[in-house]
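User: I am new to this structure and would like to learn how to read its features. Please take me through them one at a time.

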Amino acid sequence: MPSFDTVSEANIVEVKNAVDQANKEITTRFDFKGSDARVEQKERDLTAYADSEFQLAQVRDVLTGKMVKRNVDVRFLDIGKIEKIGGDKVKQVIKIKNGIETEDAKKIVRIIKDSKMKVQASIQGDAVRITGAKRDDLQAAMAMLRGKVEDLPLEFNNFRD
């Protein structure tokens, strides 16, 4: 029976490339001269450092711009609160979301069931598996999910015939 998985996961390699490009731009920009502005990455956590909240906002803008250019959806970013780290320096932790949360998975299953399409949806950990008798039904389900679920960056993989 044909099936595919609906997932929500960022391409970590592209995120790392975007962080590297953002750091390169920050070091060369005149308005960051002599400041401690940078972005560090540890697995799925990014930490932005700057000398003031205004500079921190600019660091975030540079980072999101680079992510958009590398085709990384900025909806993956979960921006934390700004913390003071001594003196005037501030930092902000930005988490990269991975997987579909239970409430969102239930919402996707409900959308599939309410559509009256001839496909079934089941929650498989942090993904939603959608199965159907025909490939055309699955492709219609993909198109419908792209249109109706706008708050999550969805990807479809593991397509089996």
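This is a predicted model: local features need pLDDT of at least 70, side-chain atom pairs count only at pLDDT 80 or more; totals for chains, interfaces and linings use all residues.

User: Is lysine 107 buried, partly exposed or exposed?

Analyst: Buried means under 20% relative accessible area, exposed means over 50%, and partly exposed lies in between (1.4 Å probe, protein chains only). Lysine 107 has a relative accessible area of 34%, so this residue is partly exposed. Lysine 107 belongs to helix H3; helices (H or I, at least four residues) and strands (E, at least two) are DSSP runs, numbered from the N terminus.

Residues are numbered from 1 along each chain as its sequence is written, and side-chain values use heavy atoms, with hydrogens and water left out.

User: How is a pair of packed helices described?

Analyst: Two packed helices are described by the angle between their axes and the distance between the axes. Axes are lines fitted to C-alpha atoms, for helices over the stretch in contact, and angles run from 0 to 180 degrees between N-to-C directions. Here the axes of H3 (residues 102–114) and H4 (residues 135–148) come within 11 Å and cross at roughly 125 degrees. That makes H3 oblique to H4: angles under 35 degrees count as roughly parallel, over 145 as roughly antiparallel, 65 to 115 as roughly perpendicular and the rest as oblique.

User: Which residues of H3 and H4 meet?

Analyst: Contact means heavy atoms within 4.5 Å. From H3, Ile108, Ile111 and Ile112 meet Ala141, Met144, Leu145 and Lys148 of H4.

User: What is a nonpolar core, and how many residues has the largest one?

Analyst: It is a set of buried Ala, Val, Leu, Ile, Met, Phe, Trp, Tyr and Cys residues joined through side-chain atoms within 4.5 Å. The largest has 23 residues, and those with the most contacts inside it include Val15, Val39 and Leu63. Another core, of 20 residues, lies apart from it, and Phe4, Ile100, Leu138 and Met144 are among its members. Beyond its neighbours within four places in sequence, leucine 63 is in contact with Ala18, Val19, Ala22, Val39, Leu46 and Ile94.
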